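The sequence and structure are shown first.

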Amino acid sequence: AIDGDIVGNRIKKSNALAKKYLSEAQKHINNKEPFYIALEKALHNFLKAKLHIETSEMSKEKITEILLSRKGNPETVSEFIKLTENCDFARYAPSTEASIQQDYDKAVSIISDLAKQIV
């Protein structure tokens, strides 16, 4: 029955993928600057693995263009870009534990969604 649950298995697989990329960020969830550095690396590593692009080729415009061309949901792509911008901003601005946890949860959700959407 579990093998026949294709949708369920796909969701589990994409959630596992998100957690794999975000495990380093989760280790630093109580330490703001290392957390956001690890979160940003997780987002970049996810893109490198799924889209086969190098870090030097990554710009917001290029990422958006590639994700949309690979059938990414425009809303999810926009959230992904906002989250990467938030990582830059949050490293230098005051933040609370609640916002760090929200950013982590949002990253899990976005990576999971993009893993299901892009081809």
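H3 and H4 are roughly antiparallel to each other, a term that applies to angles over 145 degrees, whereas angles under 35 degrees count as roughly parallel, 65 to 115 as roughly perpendicular and the rest as oblique. The model is predicted, so local features need pLDDT of at least 70 and side-chain atom pairs count only at pLDDT 80 or more, while totals for chains, interfaces and linings use all residues. Residues are numbered from 1 along each chain as its sequence is written, and side-chain values use heavy atoms, with hydrogens and water left out.

**Confidence**

The average pLDDT of the protein is 84, and 92% of the residues score at least 70; pLDDT is the predictor's confidence in each residue, from 0 to 100. Helices are DSSP runs of H or I with at least four residues, strands are runs of E with at least two, and both are numbered from the N terminus.

**Helix packing**

Two packed helices are described by the angle between their axes and the distance between the axes. Axes are lines fitted to C-alpha atoms, for helices over the stretch in contact, and angles run from 0 to 180 degrees between N-to-C directions.

| Helix pair | Angle | Axis distance |
|---|---|---|
| H3 and H4 | about 155° | 10 Å apart |
| H2 and H4 | about 155° | 9 Å apart |
| H2 and H5 | roughly 5° | within 11 Å |

Helix H3 covers residues 60-69 and helix H4 residues 74-92. H3 passes H4 in a right-handed crossing; a crossing is right-handed if the near helix is turned clockwise from the far one by less than a right angle, and left-handed if anticlockwise. On the H3 side, Lys60, Ile63, Thr64, Leu67 and Leu68 meet Pro74, Val77, Phe80, Ile81 and Glu85 of H4, where contact means heavy atoms within 4.5 Å. This contact of H3 with H4 has 7 nonpolar, 1 polar and 2 charged residues. In these classes Ala, Val, Leu, Ile, Met, Phe, Trp, Tyr, Cys and Pro count as nonpolar, Asp, Glu, Lys and Arg as charged, and the others, Gly among them, as polar.

H2 and H4 pack at an angle of about 155°, which makes H2 roughly antiparallel to H4. H2 passes H4 in a left-handed crossing. The H2 residues that meet H4 include Tyr36, Ile37, Leu39, Glu40 and Leu43, and among the H4 residues they meet are Phe80, Leu83, Thr84 and Cys87. The contact of H2 with H4 divides into 11 nonpolar, 1 polar and 5 charged residues.

The axes of H2 and H5 cross at roughly 5°, and H2 is therefore roughly parallel to H5. Phe35, Tyr36, Leu39 and Leu43 are among the H2 residues in this contact, and Ile100, Tyr104, Ala107 and Ile111 are among those of H5. By class, the contact of H2 with H5 has 11 nonpolar, 1 polar and 3 charged residues.

**Buried positions**

Glu40 is found in helix H2 (residues 32-51). With a relative accessible area of 15%, Glu40 is buried; buried means under 20%, exposed over 50% and partly exposed in between (1.4 Å probe, protein chains only). Leaving aside neighbours within four places in sequence, Glu40 is in contact with Thr84, Cys87, Asp88 and Arg91.

Thr84 belongs to helix H4 and is likewise buried, with a relative accessible area of 9%. Beyond its neighbours within four places in sequence, Thr84 is in contact with Glu40 and Leu43.

Ala107 lies in helix H5 and counts as buried at 0% relative accessibility. With neighbours within four places in sequence left aside, its contacts are Leu22, Leu39 and Leu83.

**Loop and exposed positions**

The loop between H3 and H4 holds Lys71, a residue that has a positive phi of about 75° although it is not a glycine. Lys71 counts as exposed, at 61% relative accessibility. Asn73 is found in the loop between H3 and H4 as well and is partly exposed, with a relative accessible area of 34%.

Glu97 is found in helix H5 (residues 97-117) and is exposed, with a relative accessible area of 59%. Although 66 residues separate Glu97 and Asn31 in sequence, the two are 9.0 Å apart in space, C-alpha to C-alpha.
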